[in-house]
Amino acid sequence: MTQGIPFNIPFLAVAALVGIALYIIMSKRNLIKLVMGIAILEAGVNLFLITLGYREGGVAPIYTDVPAGVMVLPVPQALTLTSIVIGVSILALMLSMIVHTYRHTGTLDSEASRKLKG
Amino acid sequence: MDTLVTHSPILIIAIPLLAAFLTPLVGRVSPKAREALVIASLAFAEFLVIILAKDIYANGLHVYTLGASLPELAIPKGYIIPVRIILEVDGISIFMGIISVTVSLAAAIYSLHFMKEETGQDRFYTLLLLLVTGMLGFEFTGDLFNMFVFLEILSISGAALAAFRVRFADAVEGGFKYIVISAVGALIILFAVGLLYAQYNLLNIAALADVMQYGTVEKIALALLTIGFIIKLAGVPLHMWAPDTYAVAPAGITPMIYVASQACMYGLYRVCFTLYGITLDQLTVGWIVIIIGVLSMFVGVTMAVIQTDVKRLMAYHAISQSGYMLLGVGVGLAVLGDPEALAAYGRQAMNGGIFHIINNAWYKGLLFLTGETLFFRLGTRDLNRMGGMGRNMKFTSIAFIIGALAISGIPPFNGFTSKWLIYESVYQFNPILAVIAMLVSLITLASFTKVFQSAFTGPRLPQYQDVKEVPKSMLVGMAILVAAIIFFSLFPGLIVDNIVSPATDALINQATYINGVTGAVP
């Protein structure tokens, strides 16, 4: 871990992504931007999972006859794949709902399109 | 029969899943066959849940390992940790399973007629069965990551169902809010799962609980998991989505989304009691759960009083009732490390809280259905524009009265029994909490008196002269829940001893759950 990238940089990226995403989700009123915030949050969490399994100089975990050296952890990669698939379906569903909201109200501003209050 | 019991944990999840994707195909042949398929698959799942429950109460928890030569072999030969997908069904899981399947069955029967005029019914039933699959999988799984996957399945199908009637602008808005908070909540939970995986390289709940230390990373993970689940179960102050989503979802779906949020409450209990158990700082975490419970009770009921939309009002009551469950179980959690207090009142408080989950599923589900019945016939949810419906819809008004009395905790209804267990035991823990709980119950009664008075009594309004009682399938859906309420009101002792106590024991005895997986060395 002495040469190459410091091990902490991916984690800093995760923190930055999650922070930016939470800021967007809490402060933006445009529905599309809100969905972008969720997509960034998801990217942050996925990056976190992948980084967990990363081993410096490791080989891909796809061999039956294992070559010498360390192997990258396969489980986080499987988790991330599942999480990406789920994320895509959630994004698609949210975007389709936004299309319907726009048809009904003619606006993407969450305050202006809001009907349910109290 | 034995084979069926052995394999029932996976069958209960797989049958609704298979039926979900068969419905569009069968629907092409005939709509009648599709309806029969939906009801038959749910009824079969209900049957399996009941025989599995009987076996669990008699012989203890079930571990089902996918792909193993024997389902009980959780740890394969040559390994020291469980690597396969494991379902672990104990008292509390099966308790939640009974609730989910029964309410879904009633809701599906109710929807048969309710959805008749809607387009895209194939997709409606597919999503409905996927929601059932998500709930059951979430409750039965023994693995943190699978918990996340099933949580997402129930969130996606729940949101799509809430927004199903896209011709209403508010339905889309309610569904959108639900999917946004679900996505954020689930990602928070996934992050916490990642943290735990980083510490222990394990995802199995039992195996994790076995080695759990209570360090800084684990505390962060616990905080994230708690926040994620509290968002999903609509505990105050993270409840903002619930009134919107419950108010706009189609009738049968509202009780199901409510039961799904109670499944997330189960997730919170599983994490606190089973995953962390004795290692965690019980008093602090217990008090956090208690405070969220009391806040939910109080804020929920005070917001409910001022509502004029009938389903929105009921949604706030749903938040308020969740508070009772959190209060009861929170007191149990707070005294978990103190065997004396646990025996004196902690167990009873937990019994009350858990009993309240099942009672509430029946009467809250029933009230949501009656609320939507009014909307179905009158085309409005505004209480100020209703009146005299008691004359036109006799069965609906009787069902409403039963539900309203039960939720207000009037003896002899089932709501009274569980609330009484909570009052009595919480009073010994902290008298002020019990007083707040009783006060909330009174305000609940007042609020439902208002609904009854404005919707069902009074003169018949001219525009609603010829409103008829709703069709049979909707009545049958409500009747199932009425029957459940009456049964639970008549035999509370029987229910507490046979169904609720095993659930409480399952939460308290962490070692049994751990042993179910780690004890199965080949």
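Two residues are in contact, or touch, if their C-beta atoms, placed from the backbone, lie within 7 Å. This is a predicted model, in which local features need pLDDT of at least 70, side-chain atom pairs count only at pLDDT 80 or more, and totals for chains, interfaces and linings use all residues. Residues are numbered from 1 along each chain as its sequence is written, while chains are lettered from A and ligands numbered from 1 in the order in which they are written.

**View 1. Glu139(B) in helix α4.** Glu139(B) sits in α4 of chain B, residues 121-140. Helices (H or I, at least four residues) are DSSP runs, numbered from the N terminus. Glu139(B) touches Ser93(B), Met96(B), Gly97(B), Ser100(B), Ala263(B) and Tyr266(B), leaving out residues up to four places away in sequence. Ile13(B) is 126 residues from Glu139(B) in sequence, yet their C-alpha atoms are 10 Å apart.

Why does Glu139(B) count as buried? Because 26 other C-beta atoms lie within 10 Å, and 20 or more are needed.

**View 2. Chain B against chain A.** The contact takes 26 residues from chain A and 28 from chain B. On the chain B side, α5 (144-162), α6 (169-200) and α9 (241-248) each give two or more residues. The largest share, 17 residues, comes from α6(B).

**View 3. Leu327(B) in the largest nonpolar core.** Such a core is a set of buried Ala, Val, Leu, Ile, Met, Phe, Trp, Tyr and Cys residues joined through C-beta atoms within 7 Å. Of its 233 residues, Leu327(B) and Ile485(B) touch the most other members. The most residues, 19, come from α6(B). Contacts of Leu327(B) beyond four places in sequence include Ile290(B), Met297(B), Ile422(B) and Leu433(B).

Notes: A residue is buried if 20 or more other C-beta atoms lie within 10 Å of its own, exposed if 12 or fewer, and partly exposed in between; C-beta atoms are placed from the backbone.
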